[in-house]
Amino acid sequence: MIYLDYAASTPLDPRVLDAMLPFLREQHANPASDHAPGRQARAAVERARAQVAALVGAEPAEIVWTSGATESDNLAIKGALEFYKSRGRHVVTARTEHKAVLDACRHLETQGARVTYLKPQPDGRVAPEQVLAALEPDTVLVSLMWVNNETGVVNGIERLAPLLRERGVLFHVDAAQAAGRVPIDLAATPVDLLSLSAHKVCGPKGIGALFVRRRPRARLAPQMHGGGHEQGMRSGTLATHQIVGMGRAFELAAQELAADAARVAGLRDGLCKRLLRLPGTILNGADAPRVPHIVNLSFAGVEGEALRASLPDLALSSGSACSSATQEPSYVLRALGRDDGLANASLRFSCGRFTTEAEVAAAAERVVRQVLRLRAIAGETSPSPLAGEGEGGGAGATAPPPPGPLPRGEGEFPPDVYGYGERVWQRFWQPAESLLPESAPGVFTAQAGTPAGRQRLRLQLQIVDGRVAAARFAAYGCPTTLAVGAWLARRAEGRALAELRAVNAAEIRQALEIPEARAHCSLLGEDALNAVLSAAANRHVAATY
Amino acid sequence: MPAYLDHNATTRADARVVEAMLPFLSGPYANPSSQHRYGRAARDAVETARAQVAALAGADPGQAIFTSGGTEANNLAVKGIAARHPRERLLYSAVEHPCVLEPMKALAAHGHAVEAVAVDGQGRVDLAAFEAQLARGRVALVSCMIANNETGVIQDLARIAALAHAAGAVVHADAVQAAGKIPLSFPESGAQLMSLSSHKIYGPKGVGALVADRALDLEPLLHGGGQERGLRGGTENVAGIVGFGAAAELARLELEARTAHVLRLRERLEAALRRIPGIRVFGAGAPRLPNTVQFAVPPVHSATLLGLLDKKGYAVSSGSACASGTDEPSHVLLAMGVAEDIALCAIRVSLGKDNTEAEADGFAGCLRELLASLGAAMPSVALNA
């Protein structure tokens, strides 16, 4: 298993764990307690506060602990709008923000606030001019991420911040992906509120912070009420070991930022070089400055779900993990102008402190092989709508050789980690077949597909004396679609046409144990089979009379 | 002899809990929302823990929503219901934890009608007054803790819930202090919302849960990402959740043994305390948590005594750790009708599973000595009366 999903979450640095363990074991007191063990815990919390502040050029007192960047974003946005409600009810943000920001904004809309969701420019960035143009007299807050989590594109926060300060508009920045990756100096950048997360910086999950500027003071209405911790801005017992872990992670990030960035940029370049050699590969956000650890690539001519299923031993993501469960094409990539198909067939590679060159090379090789395999199964030797279109792909690059006989991982088909049925999974890993020449005697071809083109199944039958002498398929779609094609071709070979006419969706579903949610794939199979059988019947009729 | 006697403030994570957490701190490091194998392993671990935590409350796994702790669970319960019923009253017992009281105050500032429910001299909800209060108009929510963090007094939640339900109200029970100390049954409690915290049951800090009837319509507190059935956004604290699960399972399996142990220590300690002239034990006439005793030896202020005990290595508290550092008398004791000058003398001892007889005896002895020396310094304290 190769882990290339640092943007979703990072491994905990062993040095961070070492710092945390004493506070999980012996020094367990509540930092709010007024006895010796409590004061020791409090001192550790304050040390960590200084460590976190130091990475971003803040004062320790400007750091408020939260349970993570989602809470920081919620506190900043909802807290500011609530506190400054007499000032106005308008927020400016971008469509490419993290869900935590977007969902907090949508919630505010239900409470009567107005939100402008800016569309980024074609390079993926939100330009300061766009933000300024969107300001209204009652704009309270602008919320913009420093680094986009899906593409790694860096927004011009340093240029925008003074412009908003001049105009008296509060500026919140989600820096979850930026901290430890790009230098942040809040002493020089007049951002008012800044969200931070530990688990993106080799720290623990479940802890984050919000920077709240003291001069000039940004005010917030607390969103978590209780014992009055964190200057009243965030109540709840402080999780000492978590906080200590975040402090240590940020201290290490500060020490190793430059070296990490250089090393990770080298890995990224190696990965890009290998993958962009593959025609039809598009580097998303290629025209904008990007962080070293994130690369987002779209692969034309393959379907996204099948692509991800083809890489079961690579831990990477199609976009933000937070929207992984929904399997919707990335809103960020659509905003960049990718169509649904391309947005879906994109992979986010993100490496970090513990990624090795060998891992990157192996991952790239795996991806190239699987993209070629899926394109071959789709019957597309050269992916059509893409050559030269990509911002960094294709043109001039040497295409790798066509796929060998069966590029299904090493040896047997790999274990299913995505929850497909055993039979679908086996058929999905069957090799691409070369189609029969259309001019060959008795060859009939027909195709079925969904209107939006998300699924396509082509069947070819070579009919000799009323029997299928050979059958081939080509398929573009999810793993179940591919499995249906592979199964139908094997089912047809050697059979009499009369027998095949009885094959329907129900039989396909039963044979492959296709669940209800995927029943449409079996219908596609039935449609393709009927189409090719009727093509054969018509030709036969025409020839007879 | 130093002793940690502040288990209602927080507990030390059990070694077995830390052991269960370690693989998730040093091994599979994925985001449970990720679709790859690591992500799924993390997701499985979260779901196992969910079943363990639900089991401690006798609830179904699908009813548990993970939060960052008891404070968030209480905020989510109270504000989550209030947002859906802006025009109905919200009731809470006067002895609730600040993380119920403060959300109520915040809601009042936003125009919600909130009302405290009075308690009697033992800290138990005054049922007659409560019933009359319910009759005065629509009530959306009644929030009542199962056991109090300061006095340990246990409420008659079944009766409170029955009255609340008859009035059409949803019942929220803060079980943060009760969990792991007395048996819990979410379905039998009458509550539709129940808050739990990990670090009070020998689990890690920074994680808690709200057990919620799935039929309830709750407004989320943290938006974004759609985790926890859309009720609580944010990447799951996998190691913390796993630790909470392990702690909940141990608490359930060892409940009887732990209860018997701390009760024996508490009785021994209380017997010694009762020999101190002028001492007053709060809530002594009501059922209490087996590990908690809150007392005062007026006119010796808590601040004085706590400082001296601290120097001797005894970690105890005046009451709620969250309110530490403030010189205000406990709102719990005031609600029980305790005079302010006596409330300012409160000391809470909360025992834990790892405390020993020697520690309990040591504390009692130390306290007597300190009081004697104070008595010498302050002639007005009639210790030998």
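Predicted model: local features only at pLDDT ≥ 70, side-chain atom pairs only at ≥ 80, totals over all residues.
# A walk through two chains

In strand β10 of chain A, Ser298(A) is the bridge partner of Ile282(A). As background, strands in a sheet pair through backbone hydrogen bonds, in either a parallel or an antiparallel way.

In chain A, 3 strands make up an open sheet with the order β9-β10-β12, and the pairing is antiparallel. The edges are taken by β9 (281–283) and β12 (346–350) of chain A; each has a single partner strand, so one side of each has no neighbour in the sheet. From one strand to the next, the twist averages 25°.

Chain A has 545 residues, and 57% of them count as buried. What about contacts between residues at least 6 apart in sequence? In chain A, 73% of those join residues at least 24 apart.

Next, find a pair of helices. When two helices pack, you describe them by the angle between their axes and the distance between those axes. In chain A, helix α1 (residues 14–24) and helix α7 (residues 240–276) pack at an angle of about 155°, and their axes are 8 Å apart. That angle is over 145 degrees, so α1(A) and α7(A) are roughly antiparallel to each other. The crossing of α1(A) past α7(A) is right-handed. On the α1(A) side, the contact is made by Arg15(A), Val16(A), Ala19(A), Met20(A), Phe23(A) and Leu24(A). On the α7(A) side, the residues include Thr240(A), His241(A), Val244(A) and Gly245(A). Sort the residues of this contact by kind and you get 8 nonpolar, 3 polar and 2 charged.

Time to hop over to chain B. How many residues of chain B are in contact with chain A? There are 58 of them, and they meet 62 residues of chain A. On the chain B side, α1, α2 (37–56), α3 (70–82), α4 (98–109), α8 and α10 (302–311) each supply at least two residues. The largest share comes from α4(B), with 5 residues. By kind, the side of chain B that touches chain A divides into 23 nonpolar, 26 polar and 9 charged residues.

Chain B has a helix pair to look at as well. The axes of helix α1 (residues 15–26) and helix α8 (residues 238–253) of chain B come within 8 Å and cross at roughly 155°. α1(B) and α8(B) are therefore roughly antiparallel to each other, and their crossing is right-handed. From α1(B), the contact uses Arg16(B), Val17(B), Ala20(B), Met21(B), Phe24(B) and Leu25(B). From α8(B), residues such as Val238(B), Ala239(B), Val242(B) and Gly243(B) are among them. This contact counts 11 nonpolar residues, 1 polar and 1 charged.

What about sheets in chain B? There's an open sheet of 3 strands in the order β9-β10-β12, with antiparallel pairing. Its edge strands are β9 (280–281) and β12 (346–350) of chain B, each pairing on one side only. β9(B) joins β10(B) (residues 292–296) in the antiparallel sense over 2 bridges, and Arg280(B) stands opposite Ala296(B) in β10(B). Helix α9 (residues 255–273) of chain B lies across β9, β10 and β12, running at about 15° to β10(B).

Elsewhere in chain B, look at strand β2 (residues 64–67). Ala64(B) and Phe66(B) point one way and Ile65(B) and Thr67(B) the other, yet all are buried. β2(B) pairs with strand β8 (residues 208–212) in the antiparallel sense over 4 bridges, where Val211(B) in β8(B) is the bridge partner of Ala64(B).

Let's finish on one residue. Asn74(B) sits in helix α3 of chain B. Is Asn74(B) buried or exposed? Asn74(B) counts as buried because it has 34 C-beta neighbours inside 10 Å, and the cut-off for buried is 20 or more. Leaving out residues up to four places away in sequence, Asn74(B) touches His97(B), Cys99(B), Val100(B), Pro103(B), Asp174(B) and Ser195(B).

Technical notes
Residues numbered from 1 in each chain as written. Chains lettered and ligands numbered in written order. Axes fitted to C-alpha atoms, helices over the stretch in contact; angles between N-to-C directions. Parallel < 35°, antiparallel > 145°, perpendicular 65-115°, else oblique. Left-handed = near helix turned anticlockwise from the far one by under 90°. Contact = placed C-beta atoms within 7 Å. Nonpolar A, V, L, I, M, F, W, Y, C, P; charged D, E, K, R; others polar. Buried ≥ 20, exposed ≤ 12 C-beta atoms within 10 Å, placed from the backbone. Pairing = 2+ DSSP bridges.
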